[in-house]
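Biologist: I am new to this one. Please show me the structure, and then let us take some questions in turn.

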Amino acid sequence: MNFKKILGIGLILVTLCVGLSVVSASLAPINMGDITHSNLDITSYDQSTGNLKFTSDIDVDISALSAQDKDSLKKAIEDKNTTHILNMTCGNSIKITLWTYDGVADAKIDGDTLHIKNTKQNYKLTGGSPDDLKITGVAFNTTAGQLFVAEN
């Protein structure tokens, strides 16, 4: 290969790397705030199979979000392609992450509080007791790649 081709390929690679680092830096997770209330209601549990069905409702204090971030979060909630992520623990050793791909059944912003109600959640629990389940975090991953997170 001649020198001009090698230099051209090198310049393209440097441009791609710089562009990707700028994009990844701009999509850092946005902390929504703290979870102020969380409730997990187990609707059924089959001990022989581990099949667990439950609902959850969560409140997040989003008062620290900027107006622009609140608007982005509102749009993400309304977009049925946004992924909802629910993090839980079961005792000290089991960490659970559930992804919901068809939007959140009921999520709304009321002033400085985000209310999230999930219905008809399913999980196959192995190696733990449903009595030990605890919600530890919630997140929304938008189709644009932005991640909004809140933790207990």
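**Charged pairs and the core**

Biologist: How many salt bridges does the count come to?
Modeller: This is a predicted model, where local features need pLDDT of at least 70, side-chain atom pairs count only at pLDDT 80 or more, and totals for chains, interfaces and linings use all residues. Residues are numbered from 1 along each chain as its sequence is written, and side-chain values use heavy atoms, without hydrogens and water. A salt bridge is a side-chain nitrogen of Lys or Arg within 4 Å of a carboxyl oxygen of Asp or Glu. By that rule, the count is two.

Biologist: Which side chain meets Asp112 in a salt bridge?
Modeller: Asp112 sits in the loop between strand E5 (106-110) and strand E6 (113-124), and its partner lies in helix H2 (residues 67-78), so the pair ties together parts 42 residues apart in sequence. Helices (H or I, at least four residues) and strands (E, at least two) are DSSP runs, numbered from the N terminus. The N to O distance is 2.5 Å, and the partner is Lys70.

Biologist: Is Lys75 buried or exposed?
Modeller: Lys75 meets Asp71 in a salt bridge at 3.4 Å, N to O. Buried means under 20% relative accessible area, exposed over 50%, partly exposed in between (1.4 Å probe, protein chains only). At 53%, Lys75 is exposed.

Biologist: How many residues has the largest nonpolar core?
Modeller: Such a core is a set of buried Ala, Val, Leu, Ile, Met, Phe, Trp, Tyr and Cys residues joined through side-chain atoms within 4.5 Å. Met32, Val60, Leu73 and Leu114 have the most contacts inside the largest one, and its residues number 27.
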